Amino acid sequence: MGGLQGAEELDTPGRLFTWVDVDEHLARLASAGGWPQWLLSADAWWDGVELSVVPGTTPEEVRQWLDQAFGIGSVESNEGELILGLDDPRQSGFTGLPVTLCPDVDPVRPRRLPRLREKHITAELARPLPRPRRDHFADDVQVLAFHSFKGGVGRTVHAVAMADRLAGQGARVLLIDADLEAPGITWMHQAQGGQLDFSYEDLLVLLHGSDDGDVAPAVDIAASYLPNQEAGRYPGTGAVIVLPASRRTTLGPPRIEPADLLTPDRSPNFVTEAMAALAARIGADAVIIDLRAGASELSAPVLLDPRVQRVFVTTLSHQSLFGTIRLIEQLGRGAPTRRGVDPASCVIITQYRKDVHGEQMHEARHLLANALSGSLAAAAGEDVDPIGTDVLTTPTLSPFREELLALPSEWDAVVAVLARCGLPEALEPVSPAVSHTESGEEPAPVDQGERRRMLAATAKRLTFAEQEGLSSATGFLVTDPLRRLLGDHRTGVPLSLVVGAKGAGKTFTYAKACAARTWRGFAQESQIDGVSIEAPIVPVLESDTLQQEGLTTQNLRDDFAATHLTEGGEAATGLAIRDRLLRGFNELEAQDTIGWRTLWLECLAAAAGVFPSGAKDAESALAGLGKRARAIFVVDGLEDLLQSLDSETKRTALRVLLIDVLNWLRALRGQPFGLVIFVRQDLVTWAVRQNSAQLLGRYDAYALHWNYEEALRLALWVAVRSETIDKPATEVANLSYDELVQLLIGLWGWKMGTQKSREARSHLWVPAALADYNEQIQARDVVAFLAEAAELSVSYSTYEDRVLVPAAMRRALSECSRMKINAIHQENQEVGDLLVQLQRVEGPVTVPFELDSVGLSAENADFLVESGVFARGEDGRYWVAEIYRHGLGFGTERRARVLW
C-alpha cells in the first residue's frame with residue numbers, strides 16, 4: 001500500500017467538522033510530500049471528496065491510506081462506497097463525506113500561482129513553485145518587501161528608514177505602500193502635503209485591465225504622475241518616490257487585489273515584474289514595498305517571488321516571533337531563495353532591551369537564523385559558502401526607543417525621528433548595494449598584482465608585530481581601549497590591567513608604549529590631547545617574542561636609573577629580574593602573599609636601578625624614590641615567566657601582582673608610580689579563583705577586545721600601511737563606520753563576488769569568518785588573514801577592481817583556522833587539548849554533529865560552547881565556529897549555521 005512517505009511526523013487531524021478540514025489536511029500532506037504515488041490530485045467539496053488516481057488503484061489501497069492519513073477508523077465502506085468520517089456529536093452513528101475515485105490516464109498538470117493557498121491540491125505542492133523565467137528584474141532593479149506577521153512591530157518605520165538610507169546615498173527609490181487595508185506611508189506622505197495623483201490601487205486596476213500581460217500602458221500612465229510624488233529632499237540624484245496605497249477617502253477593502261491579476265495569459269510573477277518595470281521606467285534603482293501584515297493573499301504574490309529580498313520584521317513576543325518563523329518556513333518551501341542568485345531573506349528584531357531581553361534575544365536569533373537558513377537553496381552544481389550563508393541569515397537588531405512609540409504625522413518629522421534613533425544605520429546589514437559610485441558603474445579595472453604583493457609583505461611582517469621591536473613609536477592603530485586608557489589618565493598615573501587573548505595586541509601595545517619613552521609621548525603618538533604626565537616608561541618584564549634591536553627595554557631601565565638616581569648606575573637586567581622571580585617559585589610558600597608582594601616590589605625597584613633587600617627595604621626604597629621621581633612601570637610576558645600553570649605558588653604570585661601590588665601602589669602617598677600589566681584573560685581567571693569577573697570588570701574599558709568594527713578598522717589600517725589604499729594612517733582611527741566600509745571596497749570589493757551578485761557583503765563576511773561564537777576576534781587573526789589572502793590573490797587575474805580576490809579570501813580562512821588552533825593550544829591548554837582531540841577523530845565529520853560521532857563528553861562540549869568554539873542547536877547537535885572548523889578538518893552540510 002502507499003504510505004505517508006515524508007509525512008510520518010505530521011499528526012493526524014484533531015477534528016474533522018467539515019469538508020474544509022479535509023481539504024486543509026490533504027493540502028498539508030501534499031506539501032509535506034506525504035501523498036502516495038497513485039494519488040494525483042484531490043478536491044474536497046461540501047458533499048464529497050474526489051481523488052484523481054492512477055488507473056488500477058483499488059478502493060482497498062485508498063481506504064488503507066486514508067485510515068493512515070486521517071487516523072485509524074476514519075473510513076468505512078457502505079455498499080462498496082468509501083465514506084470519510086466527520087466529527088458530529090449530534091449523530092450516534094458514522095457519518096461523513098463520500099470518497100469518489102477518478103482514474104486519470106493523462107493527468108493535466110495544473111498551473112501553479114504564487115498564493116499562500118493554492119486552488120488545486122496535487123502532489124506538486126511538495127515541490128517549490130516554478131522559478132521565474134528570468135533570474136533578475138528589468139534593468140537589474142532591486143525589489144525589497146517589508147513584511148510582518150503581526151502589526152505594530154515597526155515594519156512601516158523600518159521600510160521608511162531603508163528608503164531614507166538609500167536615498168541619502170544617492171539612490172532613487174520607489175516606495176510602495178502596499179498595505180491596502182491599513183496604509184501608513186500614505187498618511188505620512190499626505191500629512192506632509194505630498195501629492196496623491198496616482199496610487200497602488202490605480203496601478204492594480206490598470207494592470208488588471210491590460211491585454212496579454214502588457215504592463216506598458218499602466219506603467220506609462222503611472223510614470224506621468226509619479227515625479228510629483230517625491231518625499232523629502234536628498235543630495236545628488238537621491239530621491240524617494242512614493243506610491244500611496246489609495247486615493248480614496250473612504251476606508252474599505254480594495255476592488256482589485258494583487259491575486260486577481262494572476263490570470264492564465266500573464267506570468268505568475270506579473271505583479272512584481274510590473275513593479276520593477278515601473279521602477280525602471282522612472283529611473284529608480286530599488287523598489288521598497290510595505291506589505292500588509294499577517295498571512296494575507298494581498299502580500300503573497302510579492303513574497304513568493306524569490307527575486308524579491310524579503311525583510312521580515314518581528315518583536316520578541318511569542319505570537320510575532322513564531323508566526324514569523326512559520327511564515328519564513330512556508331515561503332522557503334514554496335519559493336526558496338536560490339543561493340548565489342536570489343537576494344537572501346532577512347529578519348529585523350525590534351523593540352528589545354539589551355538589559356532585559358538578553359536570553360530571549362539569543363534564543364530568538366537562533367530560531368530565526370535556522371528558519372532563514374532553511375529557506376536557502378543552492379544553485380545547481382554550486383558549493384554553499386557557510387560563512388556567506390551565516391552572514392546573510394543573521395538577524396539584524398533594532399533596539400527599543402521610546403521616540404518610536406508616538407511618531408509625528410508628517411514624513412519629514414518621521415524621518416528626523418528615525419535618524420535620531422539610528423534606524424537607517426541599523427539597517428546597514430540588510431541594505432541592497434545601489435549607487436555606490438558616482439557614475440553608478442563598477443570602478444575602472446587596474447593592475448592589482450603589485451598591490452597584492454605589497455599587502456602580503458606588510459601583513460606578514462605585522463602578523464607578529466612585536467617583532468618590530470621598539471624601533472618606532474609611530475605607525476600604530478589607536479583603538480578605543482587604548483584611547484580610554486590614555487584619556488582616563490591625563491593627570492594621574494595608570495594603575496591598571498590590560499587584558500587580552502593571545503594575538504590581541506598586548507605585546508605590540510607594550511612595545512609602542514616603550515618606544516614612546518614617556519607616558520605623555522605615548523599619548524601624543526596616539527593623538528590623545530591633554531596628557532600632562534611626563535613620567536618615563538620603565539619596563540619590568542618583557543615578552544620573549546619582543547625583538548631587542550636598536551632601542552631596547554634595558555636602555556629604558558638604564559636611562560631612568562642614570563637620570564633619577566643620585567648615585568647613578570645601571571638598572572637590573574630583564575634576565576636578572578626574571579631569575580629572581582623564578583627563585584621565588586622555589587623559596588616562597590604557596591600562600592605567602594606578603595612574601596610575593598615584597599618580591600614584586602623588589603623587582604619594580606630593581607628595574608628602576610634600586611636594589612633593596614627585605615620587605616621594609618623594598619617599600620622604603622620605592623617610597624623614597626617616589627619623592628624625587630615619577631615612573632610608569634610596564635609588565636608583559638607573564639605567560640613566558642609562568643610557563644605551565646602547574647602550581648599553587650605560581651597562582652599566588654600572579655594574584656598578588658594583579659591585586660596586592662596595584663593596591664600598594666595606590667596607597668603610596670602622591671601615587672608617583674603607575675603600573676600597567678599586560679596579561680592574558682585566561683591567566684587572570686586562573687590566578688583569581690574568586691571574584692575574577694569583578695576584577696576583569698574593573699578594567700574592562702581597557703581590555704583588548706576586538707569587535708567587528710575595530711576588526712574592519714585594523715584591516716583598513718594594514719592596507720593603508722602597505723600603501724594599497726591611499727589614506728593617511730593617522731586618520732583611520734577617527735573614521736566613521738560608513739567611511740570604513742566605503743574605503744574597504746577598494747581592498748575586498750563590496751561583495752564576495754561582483755557588486756550585483758547575491759553573495760555576502762565582504763565587510764560582513766570577513767569579521768563573521770574570523771569570529772568565534774562569542775563574537776570575539778583577535779587582531780592577529782585579522783592580519784594573518786590579510787597576509788594569506790593577499791598572497792593567494794597574486795596568482796589571480798580576475799577581480800581587477802579590488803586587491804583581494806573572493807576565492808583567495810575563502811581559501812585563506814583554512815590556513816588562518818590552523819594558526820588559530822595552534823595559538824589556542826598555547827594560550828588555553830584545556831581548550832587546546834580538546835581541539836587536538838577533535839583533530840584526531842577518525843573518519844569524516846560533518847557539521848552539525850552528534851557528540852557520539854566525535855567522542856566528546858557533554859561536559860567538555862558545554863565547556864567549548866562557553867569558550868565560543870561550539871554552538872548547540874535546538875536539535876541537540878553541535879556547530880563549530882568557522883575559524884576553528886577548517887583547522888579541525890570538519891565538513892559542513894549544504895545548509896549552514898548562523899554565527900553568534
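Trainee: How many of the 14 residues of α3 are buried?
Mentor: Happy to start there, and keep in mind that this is a predicted model. A residue counts as buried when its relative accessible area is under 20%. By that test helix α3 is mostly covered, and the number of buried residues is 13.

Trainee: How far apart are the end C-alpha atoms of helix α3 (residues 155–168)?
Mentor: Let's work out what to expect. The helix has 14 residues, and at 1.5 Å a residue it should span 20 Å. The model agrees with that, because its end C-alpha atoms are apart by 20 Å.

Trainee: Which residue with a positive phi follows α3?
Mentor: Good one to look up in the structure. Most residues other than glycine have a negative phi. Here the phi is positive, near 100°, and the residue that follows α3 is G170.

Trainee: What is the relative accessibility of Q527?
Mentor: Start with its setting: Q527 is in the loop between α17 (519–525) and β18 (537–541). Its phi is positive too, about 60°, although Q527 is not a glycine. Q527 counts as partly exposed because its relative accessibility is 41%.

Trainee: Which peptide bond is cis, with omega near 0°?
Mentor: Most peptide bonds are trans. For this one, look in the loop between β21 (846–847) and α32 (858–866), where P848 is found. The cis bond runs from V847 to P848.

Trainee: In which strand is confidence lowest, and in which is it highest?
Mentor: Across the protein chain the mean pLDDT is 85, and 92% of residues reach 70 or more. The lowest mean, 58, belongs to residues 376–378, which form strand β15. The highest, 97, belongs to residues 631–635, strand β19.

Trainee: How many contacts beyond four places in sequence does the model have for residues 436–443?
Mentor: Take care with this stretch, as pLDDT stays under 50 over residues 436–443. Where pLDDT is low, the predicted coordinates should not be read in detail. With that caution, the number of contacts beyond four places in sequence is seven.

Note on methods:
Residues are numbered from 1 along each chain as its sequence is written. This is a predicted model: local features need pLDDT of at least 70, side-chain atom pairs count only at pLDDT 80 or more; totals for chains, interfaces and linings use all residues. Side-chain values use heavy atoms; hydrogens and water are left out. pLDDT is the predictor's confidence in each residue, from 0 to 100. Helices (H or I, at least four residues) and strands (E, at least two) are DSSP runs, numbered from the N terminus. Contact means heavy atoms within 4.5 Å. The expected span of a helix is 1.5 Å times one less than its number of residues. Buried means under 20% relative accessible area, exposed over 50%, partly exposed in between (1.4 Å probe, protein chains only).
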